[in-house]
Amino acid sequence: MSFDAVIDVQHVSKSFGGLKAVQDCSIKVARGSITGLIGPNGAGKSTLFNLVAGNIVPDSGAVIFDGRDVTGMKPHELFHLGMLRTFQIAHEFSNMTAIENLMVVPPGQPGESLLKTWIAPGAVRAADQAVRQKASDVIDFLKLGHVKHELAGNLSGGQKKLLELGRTMMVDAKVVLLDEVAAGVNRTLLQDLAANIERMNSELGYTFFVIEHDMDLIGRLCDPVIVMAQGEKIAEGPMAEIRANPEIIEAYFGAPVEAD
Ligand code: ADP
Ligand code: MG
């Protein structure tokens, strides 16, 4: 099978003390897909995400990102390679407007270097202008124009999530990791969020890897869906197939899931 994997996790394991949080787990995320990751509380989903995003180094196994072995790389190195995780809007950014929150994302803006300002002020102004334009485009794409100059701290929970998503659009991301993006978002804004993820995927070519407890959202957005339990991948397929598998339903959806 020819499969263009942007993320290729190979036989990764991670223990905390005696507890095997992730065990010999192999998963792939196809370029251009919105791949879902579900499973009961404690299944190892967040640990797997942290292994992929460089927050945790695996005990064994490898993480291949865009054809390159990135095992053990730090999150900021992966960020520069185009692997992005949504960031919560930090408290220190709540006093900045929506558009300013987007404008501070790109790393190494020329305007940050005083020396460059002195040597090439024109280039700095042009770069600042390009960043402002890009931020403005992202605001428009997300249909947040009406709150463009509103302080981020005054936005609703759902609008903050949209802004969070927008921050990933300020750099050229190959893949965006979303951990529980729907948590605390009301139904209406959840539809907006889902629609924006779909448009980023279909119109802009973003690949998404999504952990989510909201099964309706997973069903709407994700194909395939990977199911984890006790540190291992136990199933993978379209949500309709996963939902129709009585063993999975019985064992993994029968129990209530937490919102962590
Ligand atoms: P999920 O996200 O699917 O709910 P986690 O990856 O958070 O699962 O957790 C998997 C298992 O690893 C759980 O038993 C959890 O208690 C344990 N675990 C996760 N992170 C740590 C940690 N930093 N230290 C110790 N145990 C951990
Ligand atoms: Mg988790």
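**Reading the ligand site and the salt bridges**

A: Helix α1 gives the most to the shell around ligand 1, with 3 residues. Keep in mind that this is a predicted model.

Q: How many residues surround ligand 1, and which are the closest?
A: A residue belongs to the shell if one of its heavy atoms lies within 4 Å of the molecule. Here 12 residues surround ligand 1. The closest are G42, G44, K45, S46 and T47.

Q: Which elements each supply at least two residues of that shell?
A: They are β2 and α1, and α1 spans residues 45-53.

Q: How is the shell made up by class?
A: Sort the residues into nonpolar, polar and charged. The shell around ligand 1 then has 5 nonpolar, 5 polar and 2 charged residues.

Q: Which atoms of K45, S46 and T47 lie by an oxygen atom of ligand 1?
A: Look for pairs of N or O atoms within 3.5 Å. For K45, a polar side-chain atom lies 2.8 Å from an oxygen atom of ligand 1. For T47, an N or O atom in the side chain is 2.6 Å from an oxygen atom of the ligand. S46 uses its backbone: an N or O atom there lies 2.9 Å from an oxygen atom of ligand 1.

Q: How many salt bridges does the count come to?
A: Look for a side-chain nitrogen of Lys or Arg within 4 Å of a carboxyl oxygen of Asp or Glu. By that rule, the count comes to 10 salt bridges.

Q: What does the salt bridge between R31 and D66 tie together?
A: Start with the distance. The closest N and O atoms of R31 and D66 are 2.8 Å apart. Now place the two residues. R31 lies in the loop between β2 and β3, and D66 in the loop between β4 and β5, so the pair ties together parts that are 35 residues apart in sequence.

Q: Where in the chain do R85 and D179 sit?
A: These residues form a salt bridge, with their closest N and O atoms 3.8 Å apart. R85 is in strand β6 and D179 in strand β7, 94 residues apart. R85 is partly exposed, at 23% relative accessibility. D179 is also partly exposed, at 23%.

Q: What is the N to O distance between K233 and E236?
A: Their side chains meet in a salt bridge at 2.6 Å. Which residues do salt bridges with shared partners join into one network? They are D4, R31, D66 and K174.

Q: Is T207 buried or exposed?
A: T207 is buried, with a relative accessible area of 1%. Its place is in strand β8, residues 207-211. A polar atom of the T207 side chain lies 2.7 Å from the backbone nitrogen of G32. Beyond its neighbours within four places in sequence, T207 is in contact with several residues, including V6, V29, R31 and K174.

Key
Residues are numbered from 1 along each chain as its sequence is written. Chains are lettered from A and ligands numbered from 1 in the order in which they are written. This is a predicted model: local features need pLDDT of at least 70, side-chain atom pairs count only at pLDDT 80 or more; totals for chains, interfaces and linings use all residues. Side-chain values use heavy atoms; hydrogens and water are left out. Helices (H or I, at least four residues) and strands (E, at least two) are DSSP runs, numbered from the N terminus. Buried means under 20% relative accessible area, exposed over 50%, partly exposed in between (1.4 Å probe, protein chains only). A polar contact is a pair of N or O atoms within 3.5 Å; within protein, one must be able to donate a hydrogen and the other to accept it, and residues adjacent in sequence count only if both atoms are side-chain atoms. Ala, Val, Leu, Ile, Met, Phe, Trp, Tyr, Cys and Pro count as nonpolar, Asp, Glu, Lys and Arg as charged, and the others, Gly among them, as polar. Contact means heavy atoms within 4.5 Å.
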